[in-house]
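Please have the sequence and the model open side by side while reading this report. It begins with the basis of the values and then turns to particular parts of the chain.

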Amino acid sequence: MPDVAEQSAPLRTTADPAGGSTLAAGTKPDAAVVRDALGVGIAVGLSGFAFGVTSAGSGLSLLQTCALSLLVFTGASQFALVGALAAGGNPYTAAAGAFFLGVRNAFYGLRLSQLLALPRALRPLAAQWVIDETTAVTLAQPTRRAARIGFTVTGLTLYVLWNLTTLLGALGAEALGDTDAWGLDAASPAVFLALLAPMLKSTTERVTAALAVLLALGLLPVLPAGVPVLLSALAAPVVLFLMGRAKGGGTGAGTAEAKDAGPTRAEEDR
């Protein structure tokens, strides 16, 4: 990923042997950025219908369902909340699980604030759109201009569609009958995993994700709804601790081997 200075560099053109000009390396046409952003926004925004149906099926009213999408606007947290409530979980535990899932957006914001460098007056509004999908599209762009376009188009498209389809889903829940039979509650997690998978590039990231999944699945049958999600966050410090121990052991072993190897040539000369 290029640094901030590279991303903020203006678009440049280079001469084309056939005549005219082309975009320089490291830049991206605005139309391509818009196309990619619209693709993500539309694909994910339509899954708001699944949330509307699931939320209504879990007992939330139309107003409560729509308020969640308008104000919370982070699909994983919304599904976690209504899923825990539908399973009979304590409302406070369900809210805590949803909250901790949403905390990741604050870390996204730290990175995006540097890349986008938006005017101070716009930052509170932009914060509402800092979610997995907008972050993925923004970080994929080579310049600040492209990052701003990607963030804005993805955020606007997704926010409008998500809220519209949430409303339609909540209104149509009655017509669908038993919402559990449709398995619509799996739509948002499936989209989340599809976006997350390409971002797990290092061994540490893959091991952490795998351990978090194992923790959540293993604790699901024995703990109240919402609690396994909270405890799965322990995967990160556990993996980091074990990796630190492994590196420390490797360094220590290397030092011991060096000592056992006997004096160096310089020491022998002395």
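The sections below describe the chain as a whole, its confidence, and then a few helices.

## Basis of the model

This is a predicted model, in which local features need a pLDDT of at least 70 and side-chain atom pairs count only at pLDDT 80 or more, whereas totals for chains, interfaces and linings use all residues. Residues are numbered from 1 along each chain as its sequence is written, and side-chain values use heavy atoms, with hydrogens and water left out.

## The chain overall

The chain contains 15 helices and two strands, where helices (H or I, at least four residues) and strands (E, at least two) are DSSP runs numbered from the N terminus. Of its 270 residues, 32% are buried, a term that means under 20% relative accessible area, with exposed being over 50% and partly exposed in between (1.4 Å probe, protein chains only).

Contact here means heavy atoms within 4.5 Å; among contacts between residues at least 6 apart in sequence, 72% join residues at least 24 apart.

## Confidence

The mean pLDDT of the chain is 77, and 72% of the residues score at least 70; pLDDT is the predictor's confidence in each residue, from 0 to 100. Confidence is highest in helix 4 (residues 62–72), at a mean of 93, and lowest in strand 1 (residues 13–15), at 38.

Over residues 1–25 the pLDDT stays under 50, and the model has 40 contacts beyond four places in sequence for this stretch. Residues 265–270 also have a pLDDT below 50, with one contact in the model beyond near neighbours in sequence.

## Helix 2 and Gly-41

Helix 2 (residues 30–45) consists of 16 residues and reaches 22 Å from its first C-alpha to its last, close to the expected 22 Å, the expected span being 1.5 Å times one less than the number of residues. Its buried residues are Ala-32, Val-33, Ala-37, Gly-41, Val-44 and Gly-45.

Gly-41 counts as buried because its relative accessibility is 0%. Apart from neighbours within four places in sequence, Gly-41 is in contact with Thr-154, Thr-157, Leu-158 and Leu-161. Although Gly-41 and Leu-158 are 117 residues apart in sequence, their C-alpha atoms are 4.4 Å apart in space.

## Helices 6 and 7

The axes of helix 6 (residues 91–102) and helix 7 (residues 104–116) come within 4 Å and cross at roughly 15°; axes are lines fitted to C-alpha atoms, for helices over the stretch in contact, and angles run from 0 to 180 degrees between N-to-C directions. Helix 6 and helix 7 are therefore roughly parallel to each other, since angles under 35 degrees count as roughly parallel, over 145 as roughly antiparallel, 65 to 115 as roughly perpendicular and the rest as oblique. Phe-100, Leu-101 and Gly-102 in helix 6 meet Arg-104, Asn-105 and Ala-106 in helix 7.
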